[in-house]
Amino acid sequence: MQPQIVLLKEGTDTSQGKPQLISNINACQSIVDAVRTTLGPRGMDKLIVDSQGKATISNDGATIMKLLEIVHPAAKTLVDIAKSQDAEVGDGTTSVVLLAGEILKQVKPFVEEGVHPRIIIKAIRKSLQLCMDKINEMAVHIEKQSKDEQRALLTKCAATAMSSKLIHQQKDFFSKMVVDAVLSLDELLPLNMIGIKKVTGGSLEESELISGVAFKKTFSYAGFEMAPKSYKNCKIALLNIELELKAERDNAEVRVDNVKEYQKIVDAEWQILYNKLAKIHESGANVVLSKLPIGDVATQYFADRDMFCAGRVPDEDLKRTMKACGGAVMTTANDINPNVLGQCDYFEERQVGGERFNVFQGCPNARTCTMILRGGAEQFLEETERSLHDAIMIVRRTIKHDSVVAGGGAIEMELSKILRDYSRTIAGKEQLLIAAIAKGLEVIPRQLCDNAGFDATNILNKLRQKHAQGGQWYGVDITKEDIADNFVECVWEPSIIKINALTAASEAACMILSVDETIKSPKAGEAPMAGAPMGRGMGRPIHPIIRNIQTSNGVVQYNIYDFLKEMKNKPVIWNRMHIDHKNGAISEENWKKFANIFVPFLEQLDEDEKTQIIDELKNYWNLLRKGMMKSILTAKKGKSNQCHYLHYMEFFLNSKKKYLKDFTTEKELQRLAENEIKFRAMAGLPPPENTNNNRARENNKTNKSSSSKETKTDDSPKPSGSKRAIVECGPDDFIDLMSICETTSQQTTDDEVAVQNNGMVGTFDYHQQQQSNNIRMQRFVDESAAIASADLTDKADAANQAFFESIKPTLRNLNDSQKLEFKIQVLKTLKKYKLY
């Protein structure tokens, strides 16, 4: 048999060449179309509902890309660049996706015409370099100026970032809040020192900025209202300690002799808690914050001593309080002292809408602030938080990189003009490619016009004219449906946004163009046969038809039918009655020969790999046997059997005829034959020979005749006074053999019964060797029981074994008459169900 060498895992999907490249570009275009309409001040929002039913309304490109759960490997590249843009500068996530998709769209005709992708990649990188040089040349660097002038500049940048968001109507209000929040930080501008809390209810204008740390009041027990709600120059204890009495664990056990001992245990628990509370009070703390619960006893204890406490404080708020107010989070009450306490100028509990907030102001160690947002719907508040995050990132970047450019598509139109002018100075394919990329950069102003409902063609023509005349800052004016000098109109953006967006878009386009082949491995648990239905339906095979053997020389395939045909020729492996079955050396040698049939180069492999392959084949054989026996049990219950390889295990089923007759009816055999043809077609194998079905029908007839336990008499001459009865049977039929032998011995004095089983013949003289015969019969019974237990070991057998083990102690306590009665009842029960 010539093996089929397979290099890739079964079910692996491969596609390559120009069609694959075009397919990747089309996938990216689909992603671009999903976020295209969200660009600009007049962009639309997307309502996305996840698998849990949670609804999200947003026009932020990065948020939409995350929620889409894209699975296409090439399209995931656009998701990655959107995430990187959001993490690096916070804004421009939709722009970077549009630029990458438009560049791919413009170069797609060249790919279809046969231009090599490397030539296209070279043109893209050349265009990127020209754009970077032009942006650095055009960017307006802001000199060090007064705080008022700097604040005005930052306010304009924040307003530009929020002009395309859901809160653009309140951009003047929130831009001042964002600038105040960023300027309240230290020189490093740590983002995690700006907290954003949301309170449902009220209007957006009721949002406020608190200079300090603020978080929602946590769950509190009775006695909390008695505690003071404000302190000046307070000391704060930050804990990770549980201050409450704990209930005993489910598996705890405490044995006491009297009530006094139990009372001592209770008193000890209370004393431990009171010792912790006393040490916290002695440290001089006014406010106690703990990550873990603070119980009712501790709450009342602190309230009696004019101390404020809050348990279950979120880890984020606890760490922010520690950074702002100083101190350390303690995990034990024994080490609490004034040196580990935090400090702040003023603490109060304040009512904000329907929530109560704990506010710490005048924090000496770090400069921090908290934004408390108000609004109607939860989704609206979440989108407001995302919009403010983008604005905060823009302001931080503007402070760190003191250069800005005009927005509204002005910079893209100027870069498009530069690339067009450059393309006219060169020759060859690169001229056409750079001109196509120049056209692709115009996607930003074109999409701004489309989303606002303007005539994009008219607006772009005006922009081209202005930029040709030297108006490098002219862009789209959304408010007047015309063009305007956006630098004068204060539509400013940090130049780092454009630099990062163009760089990420170009690199993503180059990476997608450089892929000429996609190899997709099958998912774990995926059906190996193409087109096969998912799940186990009617007629679905218990085991896959096509199997793989992984070797160092590649993957070798074989099918279940060839496996069973070859197994039939190796009885020493599977026949437990074979004379050499228990000979380990002979059995292993036959397994090696069997494995060599499917792996012709087996001898060329090392010993460890040989052993691994043989063990894999052994495990598969055990799986087939167990699957067959489970199907037999299913058929005995009156259900349809799913063992599609039944005909090929006749050699093994011959020893199971009393099971076989229960389900191999003519109708069932016909259904199995039809299933086998279907499974072979799905696996790409030829249909079985007709002799298989005929043989199965003959086998069915044989099973019916064998159920009557008839014996065939040899017609050959025999010595006088001697008769031979030949009984063909398998291991499971030795139980019935006892009754046959007894009947034969009663009919003749010198009868001999020859038992023929797979080539082995044993002769028994029932006059002279009656005792020896009984011993051998018992051994046959034990071996047949062992075979059955080996074939049908599963969870049910384990449960039965556990049951019999559980009643052994009870049996030992019975007297002889009771034991005899128990045995008789068990035998009657077995006889009732025809099992004895």
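Select Lys264 and Glu261: their side chains meet in a salt bridge at 4.0 Å, N to O. A salt bridge here is a side-chain nitrogen of Lys or Arg within 4 Å of a carboxyl oxygen of Asp or Glu. This is a predicted model, in which local features need pLDDT of at least 70 and side-chain atom pairs count only at pLDDT 80 or more, while totals for chains, interfaces and linings use all residues. Residues are numbered from 1 along each chain as its sequence is written, and side-chain values use heavy atoms, leaving out hydrogens and water.

Lys264 and Glu261 are three residues apart in helix α8 (residues 259-282), so about one helical turn separates them. Helices (H or I, at least four residues) and strands (E, at least two) are DSSP runs, numbered from the N terminus. Lys264 is exposed at 54% relative accessibility, whereas Glu261 is partly exposed at 34%. Buried means under 20% relative accessible area, exposed over 50%, and partly exposed in between (1.4 Å probe, protein chains only).

Next, select Lys197 and Asp317, which form a salt bridge of 2.9 Å, N to O. Lys197 is in strand β6 (residues 194-200) and Asp317 in helix α10 (residues 315-325), 120 residues apart. Are these two side chains buried or exposed? Lys197 is buried at 15%, and Asp317 is buried at 3%.

Then go to Arg350 and Glu208, whose closest N and O atoms are 3.5 Å apart in another salt bridge. Arg350 lies in strand β13 (residues 342-352) and Glu208 in strand β7 (residues 208-210), so the pair ties together parts 142 residues apart in sequence.

Finally, select Arg420, Glu442, Arg446 and Arg464, which salt bridges link in a network.
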